[in-house]
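Work through the exercises below with the sequence and the coordinates at hand. Each task is followed by a solution in steps.

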Amino acid sequence: MDYLYQILSDEYLEYLHRFIDDWGFVIAGSILLLELLLLGVRKLVTKNVLGDAVANFITLGMFIAINTVLIGVMYVTLFYWVYLNFALVYLPSNLWTLVACIVLADIAYYWEHRFVHRVGFGWATHAVHHSSPYFNISVAYRFGPLDGLMPLPFHLPLALLGFNPLVIFMSEMIVQLYQTLLHTEVVGKLPKPVEAVFNTPSHHRVHHGSNPEYIDKNYAGIFIIWDKMFGTFEQEKAKVIYGVTTPVNTVNPLKIFFFGYGRLFKKVFAAKSLKGALGYLIKPPGWHPADKMTEG
Amino acid sequence: MTMLRHILLTSIIVAAVYLLLLWVNQDGLLQQPVWAADQGDTAVEQTRPEQQEDLQGSTVETESVATFESITITGVLADIDLNDPVLSRSQVESAWQRFSEHQGLHRAVSWSTGSNIAYAYYHHFSNDFSTARLIIGYQISTTGSGLHTIQSESGNYRLYQLGASAELPDDAWTSAYPDGVILERHRIDSNGSVSASDALVIQ
Ligand SMILES: [Zn+2]
């Protein structure tokens, strides 16, 4: 059991982070190729499917650009600042710590994900990810402009608990990577015990559904048990209709990337009162001020 | 009401996982990361009394003989050119530099053993005594990039108490010749500086 206590040096953590991240990308790419191949066999590869996939990767490029220039440095600095100044204790970076951090990062992910679905300015960025009418691995890489900022308040407490920021970043990456690999129709339902505990492609298809019974369900990252605990779980039954309730109908990456904030600000600026404007920003996506509700 | 229940349930889960982790790591918890200790007045004294005894004594060169058990040392590795004093000095200095900058190593040692003794182990002398291998590290086995682990030789050794300069006397070098090893022990203070040094020369 000694290896569980063996210290993972910062250099090793950085190396492991890159290693997992890179291989994750290779595996995701292979799944995407397989998906396209299967679609090809069924003669379902259309200009729209391909255009959508290309647009997804372009939004990824824009997301990375924003993260590199604006969010990244601040994000990392803030984690180290909290860790060095306010941590309750300093946890040794070993496998025990990493596993615990993944579990905690996963529950943080659940709440972050629920937050971006239920708060106007969060949904404006996350809606980009949900706006594809398709469901394949490339959709996992479809990001909104501020997607990199949303995890901050939910994951920062981990630094306060004394996790080495590198362990936190690695845990976030692992949760994200696990999530990425769920974006596929190639995998049906997995054995019952797996479906009961873990998030699976089936559960995540439900999450991407615009069917009324599927909306705001299955927020989980790795463990589906959080959804079961917090009352947001739904089983995949009816065929999933992917996308958002008001479709974007475009494969233009720029339009896709900014459509959420476009729609949000249109509503905010059209609001008749400050309360109304604020409501659009912080209330759930479908919300309207009382005066508007009576109108229609 | 639902919100309150959710917050409560989340807190319970987080607390449970966290307490379990603290329990598992109970011997490894730190007041602060070791590499932050270099940054000044908030430093925590990490010296253990029994280890202080190892290096107590005058800073005048003295000599004694005893048996020494083998230890595991993990640290940074360097090849030293013994023919050229200027070159070898810079090689040793750069090895110390790499050692002091290896945060993973300092963090590993701080929780696992609490040791604050750095070892500089000269071994693998070439036949003509022109080169040696040096490892600077701690008595610990850990992994990490740029780290090497070695088992020191056991045997009879001479003990030299080193002065403030931590300079090894010439006769220490000659007594290591031809196939001995030299094990320097440097006690590191909480502010990161060496407070006492000695050397074991195994013939
Ligand atoms: Zn979502």
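The exercises that follow concern a predicted model.

**Exercise 1. Helix packing in chain A**

Task: Determine how helix α2 of chain A packs against helix α11 of chain A, and classify the residues in the contact.

Solution:
- Locate the two helices: α2(A) covers residues 47-86, and α11(A) covers residues 253-270.
- Take the geometry next. The helices pack at an angle of about 60°, and their axes are 8 Å apart.
- Because of this angle, α2(A) is oblique to α11(A); the roughly perpendicular class runs from 65 to 115 degrees.
- The crossing of α2(A) past α11(A) is right-handed.
- List the contact residues. On the side of α2(A) they are A55(A), I58(A), T59(A), M62(A), F63(A) and I66(A). Their counterparts in α11(A) are P253(A), L254(A), I256(A) and F257(A).
- Sorted by class, the contact of α2(A) with α11(A) comprises nine nonpolar residues, one polar residue and no charged residues.

**Exercise 2. The surroundings of S132(A)**

Task: Where is S132(A) found, is S132(A) buried or exposed, and which residues does S132(A) touch?

Solution:
- S132(A) sits in the loop of chain A between α4 (120-130) and α5 (137-140).
- Its relative accessibility is 1%, so S132(A) counts as buried, the limit being under 20%.
- A polar atom of the S132(A) side chain lies 3.0 Å from the backbone nitrogen of Y134(A).
- Leaving out residues up to four places away in sequence, S132(A) touches D52(A), V139(A), R142(A), Y242(A) and G243(A).

**Exercise 3. Chain B and S175(B)**

Task: Describe the make-up of chain B, then place S175(B) in chain B.

Solution:
- Count the elements: chain B has six helices and eight strands.
- Read them from the N terminus on, which gives the order α-α-α-β-β-α-α-β-β-β-β-α-β-β.
- Turn to burial. Chain B has 203 residues, of which 46% count as buried.
- Consider the contacts in chain B between residues at least 6 apart in sequence: 72% of these join residues at least 24 apart.
- Now find S175(B), which belongs to helix α6 (residues 170-176) of chain B.
- With a relative accessible area of 13%, S175(B) is buried, as the value is under 20%.
- Finally, compare sequence and space for one pair. S175(B) and V201(B) are separated by 26 residues in sequence, and their C-alpha atoms are 7.3 Å apart.

Note on methods: Residues numbered from 1 in each chain as written. Chains lettered and ligands numbered in written order. Predicted model: local features only at pLDDT ≥ 70, side-chain atom pairs only at ≥ 80, totals over all residues. Heavy atoms only, no water. Axes fitted to C-alpha atoms, helices over the stretch in contact; angles between N-to-C directions. Helix = DSSP H or I, 4+ residues; strand = E, 2+ residues; numbered from the N terminus. Parallel < 35°, antiparallel > 145°, perpendicular 65-115°, else oblique. Left-handed = near helix turned anticlockwise from the far one by under 90°. Contact = heavy atoms within 4.5 Å. Nonpolar A, V, L, I, M, F, W, Y, C, P; charged D, E, K, R; others polar. Buried < 20%, exposed > 50% of the residue type's maximum accessible area, 1.4 Å probe, protein only. Polar contact = N/O pair within 3.5 Å; in protein donor to acceptor, adjacent residues only side chain to side chain.
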